[in-house]
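This report goes through one protein structure part by part, from a single strand to the sheets, the salt bridges and the surface. Please keep the sequence and the picture at hand while reading.

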Amino acid sequence: MKNSIAERVYDFLKIYPPFNMLKADDLLEISTQVSIIYLEKGDTLFKKGDAFNEHFYMVRNGAITSFHTDSNNVQEIVNISDAGDIFGVRPLIAKENYKLTATANEESIVYAIPISTFQAVTQGNASIYKFLITAFATNAYDPYTAEETGKIFADYLPVTSQDIVSFQTANYSKNPITCNVNSSLKEAAIKMSTHKIGCIIVVDKNTHPVGIITNSDIKNKIATGLFPIETPVTNIMSSPVITDKKDLTVADGQLQMIKHTIGHLCITKDGTVNSKLIGVLTHHDVLVTLGNNPSVILKEIKRAKRTKRLRTARLKANTLLKSYLEQNIPISHIVKVISQINDAITIRAIEIALKKMHIPPPVSFSWLSLGSQGRKEQLLFTDQDNAIVFEDVEESKLLETKAYFLELAKMVTKSLNKIGFEYCDANMMASNMEWCKSITDWKLQFEKWILHPDEKAILLSSIFFDYNSVYGDNDLVDALSNSIYESLNKTSLFFKFLGKDAINNPPTLSFFKQFIIEENKEEKDLFNIKSRALMPLIDAARLLILSHNIKGINNTAERFEKLAELEKNNKELYESCSYAFKALLKFKTKQGLLHNDSGKYIKLDTLSKEDKLKLKRCFKPIQEVQETLKIRFDLKNFM
């Protein structure tokens, strides 16, 4: 008799990592032994200090909050897991008592995965081990972890101290180009030229690899006249070939190449020369994989002398971003990594431009990133928003000084455009003289926006309030921030204008709880996730954090987390807003990578029912926080 419950569990698990890495029979074996747990809102699955049990967990429906409680009984949310997320993996990795408490954020269904069964069927699977280690490391509460101390690029496995990327399954070329053992070198060379490849594998009648010919072999043995072009391939091929199995790791492949001083590794069905050839791993493949980790990308950026190299590095960051999302690494970690890379690219572009300038900067200055980069939320290639603030000079030297920084800015923005960050359509860039000012002029500009607000002032200030100093003199930026908050303390009208703008974002759902889609011709029937879902949260977080006079926190999720600390009575709402923002940003990023665009517009009919439900669940805190703004800033009488 079929076990229909186990089949339903199987159908769900197979969609999500690490279970999507398992063979069907192994996954079915796990599914038959999964326990199903029903939780009401507020129910606790395990508490900090509890002895570890024999299961780890996956959320089927609902959401589970994992939080740490300190000695003063203050709770700190570490993660909120929703459908498809695993949690409670400490017993699987470390065999230690729980360091977090897991509580249902809402009515939830959780699958309890038996550790003994899971370990039996996954033994030796490097991909699964890597995923679990990553999930454990990024969700574990430890105030001395690498992330907490800012060293977020030390992606090391705690058990082996090996670079985690080395444990990835090697990404080798499938269906390699081959020639028969009886072929002539001319025939082999024509194939190599046709397919634009640097090597060809020589196989016997059973497609077992017997030799390899590379461009170097042709150059050293044919071009030099040692052999004629019609010579048999057996005269110049390197033989025997070195082989390995299809599930080898990057580390395995690298070690083989070092050991045998080779640049190509033949992948066969059983890992020996006596079985069918199925792929080729090259030294380039290994370097590409090893290059897609943050520390290597950052080193490449710092060494770059040309814009072209910076673009190559940023494209690697996109590959890294995609890999992180596929591994289900928390978006808060991803944002920090990609933001650091974006800032490093901007810094290097400025350094390269400064070397091209005829003289050094006449006075100190700071390059400000604005908008999504300023908030450290820019994961995909979007347009650039930036500004320059420079030290005050005598009136007679102002035009000359400003001209210098405008010239510098034009070079930097041009480089950023070549790298992939498009010019801002509204020209909100440091190369525009309106956004390249002395510290005094910037203070006066912000004071005018704040004390004499209108719709244009609100539009501009909402972008500029999210500034972040990327390069240069931080003292200038601190002075500007202090001046801004002095102006904010002189008025309440500005907050009302910001509030009006924040609640005027277009709604997400209709009266009948259906997605509201665009009607204009270009975006007809698409859902604008940026303006309808992300911007309401961004605007609300900015207004609320400014009203509390909090400096130095620009990221939207972090702003809500800080607000949760400051306003205990709204703690649950702000934590929900933070979670919703991260979920929406992750969703937008995935869509952008999938369609090779900004991810701003979503074609709803391409989404699964579950994805639509996840999106809708993120909308609830938007409505609630907007109601909070209406009451707090008395916006009902200001519309």
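## A buried strand

A residue counts as buried when its relative accessible area is under 20%, as exposed when that area is over 50%, and as partly exposed in between. The model shown here is a predicted one. With that cut-off in mind, strand S16 (residues 365–369) can be examined: 5 of its 5 residues are buried, so the strand is largely enclosed by the rest of the structure.

In a regular strand the side chains alternate between the two faces of the sheet. In S16, Phe365, Trp367 and Ser369 point one way, while Ser366 and Leu368 point the other way, and all of them are buried.

## The sheet around S16

Which strands make up the sheet that contains S16, and in what order do they stand? It is an open sheet of 4 strands in the order S18-S17-S16-S19, and its pairing is mixed. Strand S18 (436–438) and S19 are the edge strands, each of them pairing on one side only. From one strand to the next, the twist averages 30°.

S16 pairs with S17 in the antiparallel sense over 5 bridges, and it also pairs with S19 in the antiparallel sense, over 4 bridges. Individual residues show how these pairings are made: leucine 368 stands opposite alanine 387 in S17, whereas serine 369 has asparagine 386 as its bridge partner in S17 and stands opposite asparagine 468 in S19.

Helix H14 (residues 395–419) lies across S16, S17 and S18, and runs at about 150° to S17, while helix H15 (residues 439–451) lies across S17 and S18, running at about 105° to S18.

## A sheet of three strands

Another open sheet has 3 strands in the order S10-S11-S12, with mixed pairing. Strand S10 (178–180) and strand S12 (209–214) stand at its edges with a single partner strand each, so one side of each is left without a neighbour in the sheet. Neighbouring strands here are turned against each other by 30° on average, if direction is ignored.

S10 and strand S11 (residues 199–203) run parallel and are joined by 3 bridges, and threonine 178 is found opposite isoleucine 201 in S11. Helix H6 lies across S10, S11 and S12, at about 135° to S11.

## Salt bridges

How many salt bridges does the structure hold? There are 19 of them. One of these joins lysine 186 to glutamate 230, with the closest N and O atoms 3.9 Å apart. Because lysine 186 lies in helix H6 (residues 185–195) and glutamate 230 in the loop between helix H7 (215–221) and strand S13 (243–244), the pair ties together parts that are 44 residues apart in sequence. Lysine 186 counts as partly exposed, because its relative accessibility is 39%.

A second example is the salt bridge between arginine 375 and aspartate 466, where the closest N and O atoms are 3.0 Å apart. Arginine 375 lies in the loop between helix H13 (371–374) and strand S17 (386–390), and aspartate 466 in the loop between helix H16 (455–464) and strand S19 (468–472), so this pair ties together parts that are 91 residues apart in sequence. Both arginine 375 and aspartate 466 are buried.

Glutamate 575 counts as buried because its relative accessible area is 18%. Elsewhere, salt bridges that share partners join Arg375, Glu377, Asp466, Asp539, Arg542 and Arg559 into one network.

## A nonpolar patch on the surface

Which residues form a nonpolar patch on the surface? They are Ile5, Ile36 and Tyr38, which together have about 310 Å² of accessible area. Tyrosine 38 belongs to strand S1 (residues 35–39), and because its relative accessible area is 61%, tyrosine 38 counts as exposed.

Methods: Residues numbered from 1 in each chain as written. Predicted model: local features only at pLDDT ≥ 70, side-chain atom pairs only at ≥ 80, totals over all residues. Heavy atoms only, no water. Patch = residues over 30% accessible without salt bridge, like charges linked within 9 Å, V, L, I, M, F, W, Y side chains within 5 Å. Areas by Shrake-Rupley, 256 points an atom, 1.4 Å probe, with all protein chains shown as cover. Salt bridge = Lys/Arg side-chain N within 4 Å of Asp/Glu carboxyl O. Helix = DSSP H or I, 4+ residues; strand = E, 2+ residues; numbered from the N terminus. Buried < 20%, exposed > 50% of the residue type's maximum accessible area, 1.4 Å probe, protein only. Pairing = 2+ DSSP bridges. Axes fitted to C-alpha atoms, helices over the stretch in contact; angles between N-to-C directions. Contact = heavy atoms within 4.5 Å.
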